[in-house]
Structures are given as C-alpha cells and as structure tokens.
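This report goes through selected features of one structure. Please keep the sequence and the 3D view at hand while reading.

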Amino acid sequence: MKYAKIKIITDIVLPYKFIGSTIRGALGWSLKKVVCINPSFKCEGCFAKDNCLYYDMYESDFTKFRLSLKLSGEVEFEVFLFEELCEKTPYLLSAIHKMFERGITKNNIKPSFLQIYLNDTLIYDGEFKQINNTCLQPPKITPKDKAFLKIITPIRIKEDNKFVREDIKLETILRSIHHRFLKLQNKEISKLPFTPKYEIANKNLSFNDFSRYSNRQKTKMKLGGVIGSINFSYIDGESFNLLKLGEIIGVGKQVTFGLGNIKIF
C-alpha cells in the first residue's frame, strides 16, 4: 500500500470541538473548483468522473482518503490519500491553499498563520516549495509486548449489527483495520489471518455523540462513537502492527469526517 500524508497547521480555533464536517465540506468545495472541467459542474453522468479526484474523494462508493484530527477546535489536521490517489497530491495541495484563501465556515475565517507539510516535510510557509516524493510506504515497526492505545476521535463501528456504545473489543478494531486495508487494495474481504493475543491492564472508554446536517440528504447524520484508551500489559506483534497500520488508514466508519483516529504507543 502507498499513501501520502498532508498536514495543515493554522492559528484558527473554532468554537466547537469536532471540526471534521467543517473541514470536509470546505475542502470539497475548494477541490471541485480546482479540478472540475464539466461546464455543468455536476458529477452525475459526468464524462470525466473516471479520472476526477473530486469524484474519487466525495462521490465514489468507497473513497481512498481520510481526515485525521483532534477534538479541540484547533484547525490542525491531516489528510491521507491512498494508493492511486496519492499521485494526485498536487491537486489537493492547490485545493487546500484555495480553501484557506477563501476562508472556512460561513464567516469565511482566514488564518494569519498557515503551514502545510507533505510527508513531514514543510512545503508551504507563505509560498510553496518544491515537492519531491508524494507517496510513502507504511514503515516497518518493531512490536512491543506492552502497549497503550489512544482513541483520539470516536470509533463508529458495529458489533452484531449494532453500533458499539462503550466497551469496544480489540478484535472488532483489528477486523475493521484489516477489512479497510484490503478494500484500499481492491481485494476481497477476508477474516483476520491470525488470532489476537493480549492482556488488558485497564481501559477508560466512553461514548461521544456528534451530528452534522447533510445538505445532500436533507437530514442530520450521526457521527458518535467510542473514545478513550486501552492499556495492554501484553499484546502480540501482529495485533500491534495492525494497530500501527490503523494509525494511517483509520478505524470504523466516517473516517473521511475525521472519525476513527487512533495512536498506539
């Protein structure tokens, strides 16, 4: 799997914690302005949709990107592009710049400070610098016997056809990461290729609820899920490495809104 990571740092702080819907909407508007070549500006039946980054990110059934953010109101976030989308990174960089040039939210808030990093290299600090490598491979990680899992934004995920409200199982998290990894590579879904082995020292989990209004569906969308931490006194190497992959590709549903952001230490 290959991917690109774009990190944005600004001095904007919004008056609400969950900025995922705001950023996703503003970025979508800007991206469509950058890439759309259809005079009608409509995606349905478009002659160019098979080679359109906006369509791939916002209209396709399974999209190969995600947002990574914190629950702080700070407009500091990351955008991950996976597989073939990472080769279109320059278009997204242009859209991000255009988004902040116009301003975000209905008040068109503009930053006085804006930095953009591509794969941890500063490429914009008032002006764009030369871009080198746009695609990365997941790094090889040395597993740890002990680990601490931090769920930064809600994991919205189902067990037995019901959304988990609190006590999420490690197997459920691992299965979600494994399935998403296969889908990113256009492979068929399969069971976990190993049996997780672990011991939990303690955990602190709760359910956080968010919602957004969908202009397309003309209704409110639920974005709630499980948040918190799990401390492992022991975890096997395969599970640890899969969680490390989950740091990159996300966990559960609505990762394009910033949900399912985890860190494993």
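The text below covers a sheet, its aromatic surroundings and the cysteines.

This is a predicted model, in which local features need pLDDT of at least 70 and side-chain atom pairs count only at pLDDT 80 or more, while totals for chains, interfaces and linings use all residues. Residues are numbered from 1 along each chain as its sequence is written, and side-chain values use heavy atoms, with hydrogens and water left out.

**The sheet**

Helices (H or I, at least four residues) and strands (E, at least two) are DSSP runs, numbered from the N terminus. Two strands pair if DSSP finds at least two bridges between them. Five strands make up an open, antiparallel sheet, and their order is β2-β3-β1-β4-β5.

Strand β3 (residues 74-82) pairs with β2 in the antiparallel sense over five bridges. β2 and β3 form a hairpin with four residues between them, and G73 in the turn has a positive phi of about 85°. Strand β1 (residues 3-13) also runs antiparallel to β3, joined to it by eight bridges. The table gives individual partners in β3.

| Residue | Partner in β3 |
|---|---|
| L69 | F77 |
| K7 | E78 |

Seven of the nine residues of β3 are buried, which leaves the strand mostly covered. Here buried means under 20% relative accessible area, exposed over 50%, and partly exposed in between (1.4 Å probe, protein chains only).

**Aromatic rings**

Rings of Phe, Tyr and Trp (its six-membered ring) pair if their centres lie within 6.5 Å; planes under 30 degrees apart count as stacked, over 60 as edge-to-face and the rest as tilted. The whole structure holds seven aromatic pairs. The pair of F80 and F82 is stacked, because the ring centres are 6.2 Å apart and the planes are at 10°. Both F80 and F82 are buried. Ring pairs also link these two with Y3 in a cluster.

A charge sits over a ring if NZ of Lys or CZ of Arg is within 6 Å of the ring centre and within 35 degrees of the ring normal. R24 lies over the face of F257, 4.5 Å from the ring centre. K32 is placed over the face of F41, at 4.9 Å from the ring centre.

**Cysteines**

A disulfide is a covalent bond between the sulfur atoms of two cysteines; the criterion used is a pair of cysteine sulfur atoms within 2.5 Å. How many disulfides does a search of the whole structure find? There is one, formed by C86 and C135 with their sulfur atoms 2.1 Å apart. C86 lies in the loop between β3 and α3 (89-102) and C135 in the loop between β5 and β6 (147-155), so the pair ties together parts that are 49 residues apart in sequence. The disulfide is right-handed because the torsion about its S-S bond is about 100°. C86 is buried, at 0% relative accessibility, whereas C135 is partly exposed at 26%.

For C36, the closest cysteine sulfur is that of C46, 6.1 Å away and too far for a bond.
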